[in-house]
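Trainee: Could you take me through one part of this model up close? I would like to look at strand pairing.

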Amino acid sequence: MEWVTLIASTLRLIDLHDSDRAYGSPPHFTRESRTGHADGVYLDIAFQVIHRLKLLDQSANQDYLPLSTILYAIQDDIPEVAGEADVQYVLNVLRRPAEFFYLTSVAGTSSKACHSEKRETALIEKTDFADEYRLSASGRMLLSLANAARDATYIRGDAYNLLHAIEFNDFPKILTFSDGIVAQLRNEILEIRSALERVGRTESIDKYLDRLDQYRKVVEDTIDIARQAEAKLENAETLEAFEQWQDSSGVDITFEHLHHKINHVRQVLLIFNRLLSELVSMSLQGARSAVPPPSFIDAASHFVSHPLTSQQSDFLLAQWGATSLATPFHSVLDGLGAVKLRTKAEQPAPLTFAEEEVEPVSQLGKARFLERYGQDIAAALATGPLCLSEAIERGWFLVDQEMMLGDLVGVFAAPSSIPVAGRIMIGVGTSLDTKSVGLDEFLFTDIEITVVEVA
Amino acid sequence: MNNSEMGRVHAWLLRHRIVESRSERRSVGKEEREIAGLLLNADYAVRRQFEEILDGQGLQLVTLTSLDAKGVASGATVFMLARKPDSAAPFWGTERLVIRMMQSKGINTETEARTWFTQLWFLLLDLLYTRKNRSPNAMQDWVDTSFIKEVFIDSVKDYLNDQVRKIDPSTLETDRVYRILTGLKEGGIAMACNAFLELMVDAGLLEEVGEETYRQSLLFAYEMKNNFDRQLKPLLPAQDPFGAATEILVERTDEDTEVD
């Protein structure tokens, strides 16, 4: 059991709890010495007592153990010190409730409330009228707390937890467990890396080398479990359960995320395994590659009396110095936002009036028009000049009940499309002409076209 | 990552040397995040090609995750451009270094600037390695190297007073370095130290972790781990082999708790 971790963490908290430093006084912490025999005997008795009581607690649920049995067990174990009075003393300490004070935050406010705790602080309980003892609820918790401090050799259990979480479709727990495993392994991995780097201080590396077989077995088993977990997660049933759970709980986790997490666990385990192998090969070679640091300050003063040659100095600066780019290289975003572009407000275009608006001649319309009247116009031209007024009179502005006056005027204005041989001359009349067509009246300047014989 | 993006990543790396996808210690800008994203999502082939280009330039793209090095935010990746041994990239120059060092009062020539920089660099190494009894291979310990500027400047002054000024210049074959080092006044020394720290931060070799507080960068620790034996050790004065052997045997225990 990892009592050291538990005691170490508790001691400092107790120091803080018992501190009588006035608020605002200097920050030094001076009290370091602890009273006592400094031999650990009482602690040892206490561990024995708790161990006994725990065994009892497991076999006869919550029953009491008589003092004589406890005494017997402990004297068996550490006969030289533990007299009856000593054991009795330890039991008295353990069953004494302690009063301590702590703050808790109050929901909804920033202030904190002070509480004192006296109940449930005794670690063991005694029956009222006889010397019989058992673990209290806190005492049982104590064992779990001491057990919680452990290293990677217990990782297999965590991996089983992960596997079970998948089996029970307890999806949020999957994240908790996998994060826990990864976080713990990450620390161990970084520890090993440091240990590999700083050989010469061996205590950190021995921790691993001594228990290497144990580590290897655990890691291999755990990789196996992680693989099972992955396979289980890929199960169709699990996916179905996940979808149902997601619908009912509305929690925002994707299945891929879960998958990724478990995959990550396996990857981390593989890295851990590889590092362990590296440790082994290193310890087998006995090659301790790391060197203690040279005295750089002595090097500096050495170079005062024996200056570096200019090549050496060039090399040193290029390889180790704060070199920077001789050529500026720019990233595309280097100048982003450096120059503000001022865009001018768009000015409304001034209104312009076209001097004359001519009805456009539609090509298709013109073709249709010429197909219908082209020959007629050509025939009329063969006999002499033709006037627009005359053409209107003949009703050539209607093609199949459709008004095509524009095309008629077009042909008169640009008569090159009329199927006649020779050039056509256009003459424009001087007076305004009127023609009534049905209810409407056309008002126009008459145009006369004439065929000029080619000489 | 297409070629244009590769160029962008390249340019950024050459300038800053370190790209982090996320950090707990400093805020990572949008541009840096994008660069890290491009590198993370690059196809294997493209990434390989990029590494080959860098290799030709005497550089190495180093990728470290939270499982490779302490101080990397969990789930984050750090990309660094480390110098390969014996192939100092020709486009990296010391012009800026010289100019910046020469801005200190009393440092007037290029030789002076370079000498001061080299000396300060060794004193920094003394602070980062020798005094912590840290092996040059110990990359992981980069996280506990932070020091305040005052400590560095004091160690420089102590060095000048206790070691350099105690040398009798008449015993020296050449007193070039001696004269350079003893030529600065108190204020000039502080200015030189400031310039040095600024240059180191600018080159990605130191990190400014707080006001006037610096620490070694992961890049510096990595270069040290990989290049020390081949690139620096031969330059150093030979150590007494027996002295070195005894040092290996001495294990330093944790510092005792401070008792007033």
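Mentor: Start with Glu207(B), which stands opposite Arg215(B) in strand 7 of chain B. This is a predicted model: local features need pLDDT of at least 70, side-chain atom pairs count only at pLDDT 80 or more, and totals for chains, interfaces and linings use all residues. Residues are numbered from 1 along each chain as its sequence is written, while chains are lettered from A and ligands numbered from 1 in the order in which they are written. Strands (E, at least two residues) and helices (H or I, at least four) are DSSP runs, numbered from the N terminus.

Strand 7 of chain B covers residues 213–216, and four bridges join it to strand 6 of chain B. The two run antiparallel. Two strands pair if DSSP finds at least two bridges between them. Step back to the sheet: it is open, has three strands in the order 5-7-6 (chain B), and its pairing is antiparallel. Strand 5 (147–148) and strand 6 (206–210) of chain B are at the edges, each with a single partner strand, so one side of each has no neighbour in the sheet.

Pairing also crosses between chains. Strand 6 of chain A is joined by two bridges to strand 4 (residues 92–93) of chain B, and these run antiparallel. There, Ser324(A) stands opposite Gly93(B). In all, 51 residues of chain A are in contact (C-beta atoms, placed from the backbone, within 7 Å) with 68 residues of chain B. Strand 6 of chain A is among the elements that each supply at least two residues to chain A's side. Helix 12 of chain A gives the most to that side, with nine residues.

Conventions:
Two residues are in contact if their C-beta atoms, placed from the backbone, lie within 7 Å.
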